[in-house]
Amino acid sequence: MPHWTANSLADALKDLHPDLRVLGPEALAGRHPGEHPDNLAAGVMALPATTEAAAALIGWCRANHITIMPQGGTSGLVGGGVSRAGEVILSSQRLNRILAIRPEESTVEIEAGVTLEALQAALLPHGLTTGIDLGSRGSATIGGMLSTNAGGILAFRNGVMRHQILGLEAVLPSGEIFSDLTRVVKVSAGPDLKQLFIGGEGAFGFVTRIVMTVERLRPQRVTALLGVADAASALTVVSHLRGLSAVTLEAAEMMWPRYVKEHAALKGFDLGWLEDDAAMLLVDVSAETQEQAAGQLEEALADLWDRADLKGGIIAQSFEQSRRFWDLREDSGFYLARFPEAPSFDISIPPTELDAYVADLLEGLRRTGSGYEAYVYGHVADGNLHIALAAPGPLPKDIKHAVEDAVYGGVTARGGSFSAEHGVGLEKRDAYGHHVSALKQSLARQIKALLDPDGLFNAGKVPF
Ligand SMILES: Cc1cc2nc3c(=O)[nH]c(=O)nc-3n(C[C@H](O)[C@H](O)[C@H](O)COP(=O)(O)OP(=O)(O)OC[C@H]3O[C@@H](n4cnc5c(N)ncnc54)[C@H](O)[C@@H]3O)c2cc1C
């Protein structure tokens with residue numbers, strides 16, 4: 001068997017199919033690797049422009065025992081896109097066509113490499129938008145979002161990617177094309193096999209085409225920043241706003257005090273209106289007109305002030321001010337400048353358990369004796385918290401387990417998940433081993449062995 005180098009692999013692949021472009025180490029050298037420095041470590045990337053070209057590449061890799069690393073926009077946060085020498089990166093970047101927009105059905109058919117932002121821009125003239133939205137919209141692809149079962153800002157209302165996908169096409173490790181491009185919600189014909197690819201993190205095949213639902217765009221929005229004592233207070237606001245018929249709640253994002261104070265100071269954001277040690281809730285509401293949205297929101301906040309124990313609040317007076325508010329939440333990596341590679345976690349908890357969980361988390365971290373504190377923020381209405389330690393990563397071995405116990409302890413018992421929306425990838429492998437039942441792990445491994453007996457796809461990541 002030949003010993004492949006990145007250059008010899010790139011050479012062998014370059015004439016495999018007319019719709020396949022191949023980049024070798026030189027061409028990749030200047031490229032930004034995305035959210036993980038090792039995403040491009042394989043040094044060779046295959047970029048098919050058609051499903052058939054992807055199938056040809058996969059067939060060749062199978063025959064030559066070369067493992068394949070599917071990649072989308074490389075915005076993943078758990079190292080799921082990391083590649084290694086000897087592998088081929090299979091990128092969806094050239095699968096970037098929007099094939100059909102069907103306003104009367106509220107569906108779109110697209111190739112997997114279309115970015116969320118490109119899809120949102122294409123939907124705009126039709127008065128439509130995606131039912132899911134993420135801060136990484138400029139780079140995250142719909143194929144990558146499908147593969148990680150992404151959640152984001154609208155999940156409390158519309159569910160996660162799994163609830164948006166009607167059909168998909170994928171090339172299996174065997175080189176066969178699995179095509180299930182249904183455009184309907186109702187299909188009761190046996191197990192829904194496309195679900196394997198949703199949240200499958202590229203372990204079961206390469207997704208090439210997707211049919212998903214979209215929704216009506218409601219551009220007349222108003223943003224407010226509110227001081228809240230805790231998640232219970234934030235949820236009182238959420239529940240009240242969701243109950244109003246004249247406005248639609250578009251977002252409810254919460255930032256706990258440490259996150260708020262440090263980020264606001266860094267951004268020069270005046271917090272004079274916020275009571276000391278309050279957390280912050282960011283809400284967006286939409287209505288038929290901007291005036292209606294603002295009027296309804298003001299009225300609702302007056303109603304809620306005492307009942308929700310609000311600690312201050314401001315309503316954005318312009319689009320620019322609204323962007324500044326959002327920047328506080330979405331530019332969430334600000335702490336990385338101070339704490340490079342800060343260990344971070346992404347858990348979900350039933351929303352009514354959030355305050356008890358956060359109190360236990362902070363107490364648990366104190367008990368480790370590590371002195372670590374945490375930045376806590378997230379999608380409060382669906383109970384999804386992002387937690388970053390105020391410490392440089394990676395965690396020292398002697399403290400790792402104690403810290404992970406503090407973060408993950410009680411998550412499953414409370415009915416939550418150790419991995420909410422970012423996936424397992426490389427970084428949550430240990431946690432997967434500890435927090436997923438032995439039976440579920442064994443079934444997942446059996447399905448993987450059935451579809452990918454040679455372990456061709458995304459080797460060494462999600463442990464199945
Ligand atoms: C600023 C920022 C904000 C974010 N906010 C959110 C958020 O609110 N919610 C959220 O869920 N995530 C969020 N993320 C994480 C990230 O954007 C998502 O995980 C996203 O779904 C990854 O998409 P991608 O195209 O970049 O995939 P990649 O990072 O390239 O890949 C992710 C995984 O999917 C697999 N994959 C990619 N494409 C395919 C394909 N075509 N076929 C098979 N497998 C494939 C890869 O093998 C890998 O395992 C955020 C990231 C950043 C940087």
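Helices (H or I, at least four residues) and strands (E, at least two) are DSSP runs, numbered from the N terminus. With that in hand, let us walk through the chain, whose residues are numbered from 1 as its sequence is written. The model is predicted, so local features need pLDDT of at least 70 and side-chain atom pairs count only at pLDDT 80 or more, while totals for chains, interfaces and linings use all residues.

Start with the overall division. The chain falls into domain 1 (6-94), domain 2 (98-216), domain 3 (221-330) and domain 4 (335-419 + 433-450), with bounds that come from an automatic or database domain assignment. Between the C-alpha centres of domain 1 and domain 2 there are 22 Å. Their contact takes 16 residues from domain 1 and 20 residues from domain 2, where two residues are in contact if their C-beta atoms, placed from the backbone, lie within 7 Å. On the domain 1 side, helix α3 (residues 51-63) supplies the largest share, six residues. By class, that side has five nonpolar, nine polar and two charged residues; here Ala, Val, Leu, Ile, Met, Phe, Trp, Tyr, Cys and Pro count as nonpolar, Asp, Glu, Lys and Arg as charged, and the others, Gly among them, as polar.

Now turn to the ligand. Of the 35 residues around the ligand, G72, G76, G80, G144 and G202 come nearest; a residue is near a molecule if its C-beta atom, placed from the backbone, lies within 6 Å of it. Two or more residues come from each of β3 (68-71), α5 (142-148) and β10 (206-216), and α5 gives the most, with five residues. The shell divides into nine nonpolar, 23 polar and three charged residues. Domain 1 and domain 2 each contribute at least three residues to this shell.

In helix α1 (residues 6-13), the buried residues are A6, L9, A10 and L13. They cover an arc of only 100° around the axis, which puts them on the same side of α1; the arc is that of the directions from the helix axis to the C-beta atoms. A residue is buried if 20 or more other C-beta atoms lie within 10 Å of its own, exposed if 12 or fewer, and partly exposed in between, with C-beta atoms placed from the backbone. The cover over the buried residues of α1 includes β1 (20-23), α2 (25-29), β2 (45-48), α3 and β4.

In helix α11 (residues 319-330), F325, L328 and R329 are buried. These residues too lie on the same side of their helix, because they cover an arc of only 100° around the axis. F319, E320 and R323 are exposed on the other side of α11. Among the elements covering the buried residues of α11 are β11 (221-228), β12 (248-255) and β16 (374-379).

Finally, a few backbone details. Most residues other than glycine have a negative phi, and most peptide bonds are trans. H65, in the loop between α3 and β3, has a positive phi near 55°. H65 is exposed, because 12 other C-beta atoms lie within 10 Å. E341, in the loop between α11 and β15 (344-348), also has a positive phi, of about 55°. The peptide bond from G393 to P394 is cis, with omega near -10°, and P394 sits in the loop between β17 (384-389) and α13 (397-408).
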